[in-house]
Amino acid sequence: MPGHRHQNAPIARKEGGMTEGTPALGLTASEFAAIAGTEPSTVAYRDLFIRHDDMPRELRRWADARNVQLRTLSKVKCERGKRSQKVLFGLSDGYAVESVMIQRRDGFTACISSQVGCAFSCRFCASGQAGLKRNLGRHEIVEQVVRLGPKVNRIVFMGIGEPLNNYESVLAAIRIMRDRDGMRFPTTGITISTIGIPKALARLREEHLGINLTVSLHATTQDVRDRLIPGSRKHDLREVVARAISWAERHNRIVTFVYLLLPGLNDGRADAERLARMLVGKPARVNLMRWNPVESVDLGRSADHQLHHFRQRLVRAGVPVVVRDTQGADIDAACGQLWLRDLHGLKAAQRMRTQYGAAA
Ligand code: SF4
């Protein structure tokens, strides 16, 4: 029946509890079918994901008649670098999140957010410093990708938030984006990047999603990891590694461990040797990264020779390793930086609108 809301359809509410409408980009194909009803319609499920600037009038009329909200984010600010573009999206309750689009040789990667703020307080990350405000809904996750445009052919959950700390919405969003009747995002083009919550990794092991997994390890001793990722103190480092490897074995994939080299903290010979012992012979590789400086975070950058020796020790032990460049550094694209610098963890969109004027 037209206008009928499926009982599982997500409902967005304005502050104060007023219903705004069903967010179109959080609908599964079956929820869409329940709303569309049995009457012949010129609107198909895939039309919901149409390029934002090209939404036909027919689609707008269809949505209005059924109290379906086609978009819920407003583009508040956009910064462009040489190969990257960072967008600050305002949410309907006044918060904001950022998404980054990075150009590769063969397409574009969307680096998207999963939460407003983050509970894990990583020392090197601006997002974690203001704490967790709320989870994003599945529609808010999908919309970031839709709004970045159809050139995006890879997605990484590497923006603001810890994706496995918003497990249900992140997985629901991935399923929506991959649906062959809808957005049809390539199966192997989605990467969850996590600090590695053991219970969530165990759950993820049992999902059949065809995604890639990246775990931010950053340390080879519990003590150093606890200092770098205070929110993860209760997670045993060895269990994090074991769960991630178990996921890789189960899915016949390779898990990537990200290791951010920090001088005097985790870039010594003993660190490299411990890391090699943990991963040798396992379906794992290491992405070695160097620090992309952030205002007000007191961390240094490892020297070239330190990076070289660390890498060589892993290579000699037989652990696959790549050194990643800090793409997006030209616009401060490390996670959360724009958000923290400009917003200080306050309700963002209102503040940004006052400052810059909304550009939805
Ligand atoms: S690096 Fe990731 S997990 Fe750590 S505080 Fe930032 S967003 Fe959270």
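A crossing of two helices is called left-handed if the near helix is turned anticlockwise from the far one by less than a right angle, and right-handed if clockwise. Helices here are DSSP runs of H or I with at least four residues, strands are runs of E with at least two, and both are numbered from the N terminus.

Good morning. The model before you is predicted: local features need pLDDT of at least 70, side-chain atom pairs count only at pLDDT 80 or more, and totals for chains, interfaces and linings use all residues. Residues are numbered from 1 along each chain as its sequence is written.

I begin with helix H3, residues 138-148, which passes helix H4, residues 167-178, in a right-handed crossing. Their axes, lines fitted to C-alpha atoms over the stretch in contact, come within 8 Å and cross at roughly 45 degrees, on a scale from 0 to 180 degrees between N-to-C directions. That makes H3 oblique to H4; angles under 35 degrees count as roughly parallel, over 145 as roughly antiparallel, 65 to 115 as roughly perpendicular and the rest as oblique.

Which residues of H3 meet H4? They are Arg138, Ile141, Val142 and Val145, where contact requires C-beta atoms, placed from the backbone, within 7 Å. Their partners in H4 include Ala172, Ala173 and Ile176.

Next, helix H5, residues 198-205, packs against helix H7, residues 237-251, at about 5 degrees, with axes 9 Å apart. The two are therefore roughly parallel. Among the residues making this contact are Leu201 of H5 and Trp247 of H7.

Methods
Two residues are in contact if their C-beta atoms, placed from the backbone, lie within 7 Å.
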